[in-house]
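Work through the exercises below with the coordinates open beside you. Each one sets a task, and a stepwise solution follows it.

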Amino acid sequence: MGELKVDVDPAEAGFDAVRLKRIDDHFARYVDNGRLPGWLAVVSRHGKVVHVGSGGHRDVEAGLPVEPDTLWRIFSMTKPITSVAAMILAEEGLLELDDPISQWLPEFASPRVFVKGSALKPLTEPATAPIRVWHLLTHTAGLTYGFHHGHPVDAIYRAAGFEWGTPPGLDLAACSEQWAKLPLLFQPGAEWNYSIATDVLGRVVEVVSGQSLDEFFASRIFGPLGMTDTGFFTTDTDRLAAMYLPDPSGGILRNDAFGALGTSRPSCLSGGGGLVSSAPDYWRFSEMLLRGGVLDDVRLLSPRTVSLMSSNHLPGHVDLEAYGRPLFAEMPFDGHGFGLGFSVLEDPVKARTISSAGEFAWGGAASTAFWVDPAADITVGFYTQLLPSSTYRLRPQLRQLVYQALVD
């Protein structure tokens, strides 16, 4: 477990301490009026933590406060970690981005694409090109999520038991075999759709490496980076924050069904959303990305690889907004592309933000978020447990509050 504390005078890092306090004041109001159970935010520049703010409770009913070492279900903030795992293997020459995934997952040798019809009577056609590794990294494979409720294929996923989880007892290998039987939304590489692609990528990592996903993460990422609190479950459940949903009548409702996630080893190791982590741990992961793949003399990736990952790979080089609003996004995605594992800010004016071009980021379904800003040499993390993240515009509000305090 790493220590999370301010270790530089904000002024030395170009921040106004009085303005940074606005972060705390703003999110304290969310707790005071019952919209959030608790929260934690960390801002870092030049490798030094300049601000740590927190408030409220990790467990409202038990009266347990948010602590620097509180554990959080990070859901889709797992995706950048799985993407890094795949790129580690790519750097070792064990896979290439253009490789068809059927090279390791033969179940995907002959995917079929939805053409028209309904979930009960879909008309499909053969895929004209294979699903490749880079399709998984960029969510352009044609896969989907059952919880989208926007396409007949989404309903087919739900009917197969894939909505907010996976069918009981199926491991990642078995889930991959089931996903391969379901139709794609579109021809591989043609469009962008947020999906179980990163879960399939996790299965590729398992087959290529010969290790289970949790073993690979532990030996190749978490161990080297000193991320001692991150894994697919925790036995230290006293530190794990409770899960909440918004109450339609106001305030929040405890959700112990989702709250059970992360308390025992899951049968399916979800590289798309299964990890539990802490703010100190994810800070170390973010700093590794900011520094071009290295932290404390431990290098996971080359700077060129991180640069490639944080470039826009969308077909036609368009914005994410062109594909509709991503589920759980609490902000528009004008001016944002998508790289190999996270969104990429290309045009701050179009995005109506005072962040920097080149910022890359992602968040989790329970309103956690992080971003890395190479131009300003900044990393930011935000943690809470409110599902879904689209409930409030927490990420754009935090971004505004961070950059208004940057005065150099």
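**Exercise 1. Decide whether Arg45 counts as buried or exposed, and find which backbone oxygens lie by its side chain.**

Step 1. Arg45 has a relative accessibility of 8% and therefore counts as buried, where buried means under 20% relative accessible area, exposed means over 50%, and partly exposed lies in between (1.4 Å probe, protein chains only). The model is a predicted one, in which local features need pLDDT of at least 70 and side-chain atom pairs count only at pLDDT 80 or more, while totals for chains, interfaces and linings use all residues. Residues are numbered from 1 along each chain as its sequence is written, and side-chain values use heavy atoms, with hydrogens and water left out.

Step 2. Arg45 lies in strand β1; helices (H or I, at least four residues) and strands (E, at least two) are DSSP runs, numbered from the N terminus.

Step 3. A polar atom of the Arg45 side chain lies 2.8 Å from the backbone oxygen of Ala13, and the backbone oxygen of Ala376 likewise lies 2.8 Å from a polar atom of that side chain.

Step 4. With neighbours within four places in sequence left aside, the residues in contact with Arg45 (heavy atoms within 4.5 Å) include Ala13, Ala376, Phe15, Val50, Leu406 and Asp408.

**Exercise 2. Compare the span of helix α1 with the expected one, and work out where its buried residues sit.**

Step 1. Helix α1 covers residues 17–32, and its 16 residues reach 23 Å from the first C-alpha to the last, close to the 22 Å expected at 1.5 Å a residue; the expected span is 1.5 Å times one less than the number of residues.

Step 2. The buried residues in α1 are Leu20, Ile23, His26, Phe27 and Tyr30. They cover an arc of only 105° around the axis, which puts them on the same side of α1, the arc being that of the directions from the helix axis to the C-beta atoms.

Step 3. Val18 and Asp32, on the other side of α1, are exposed.

Step 4. The buried residues of α1 pack against β1 (38–45), β2 (48–59), β16 (378–383) and α12 (394–404).

Step 5. At the N-terminal end, Asp16 caps α1 through a side-chain oxygen 2.8 Å from the backbone nitrogen of Val18, and after the helix comes Gly34, with a positive phi near 80°.

**Exercise 3. Locate a cis peptide bond and the residues other than glycine that have a positive phi.**

Step 1. Most residues other than glycine have a negative phi, and most peptide bonds are trans.

Step 2. The peptide bond from Leu387 to Pro388 is cis, with omega near 0°, and Pro388 lies in the loop between β16 and α12.

Step 3. His46 has a positive phi near 55°; it is found in the loop between β1 and β2 and, at 45% relative accessibility, counts as partly exposed.

Step 4. Ser367 has a positive phi near 80°; it is found in the loop between β14 (360–363) and β15 (369–373) and, at 2% relative accessibility, counts as buried.

Key: Polar contact = N/O pair within 3.5 Å; in protein donor to acceptor, adjacent residues only side chain to side chain.
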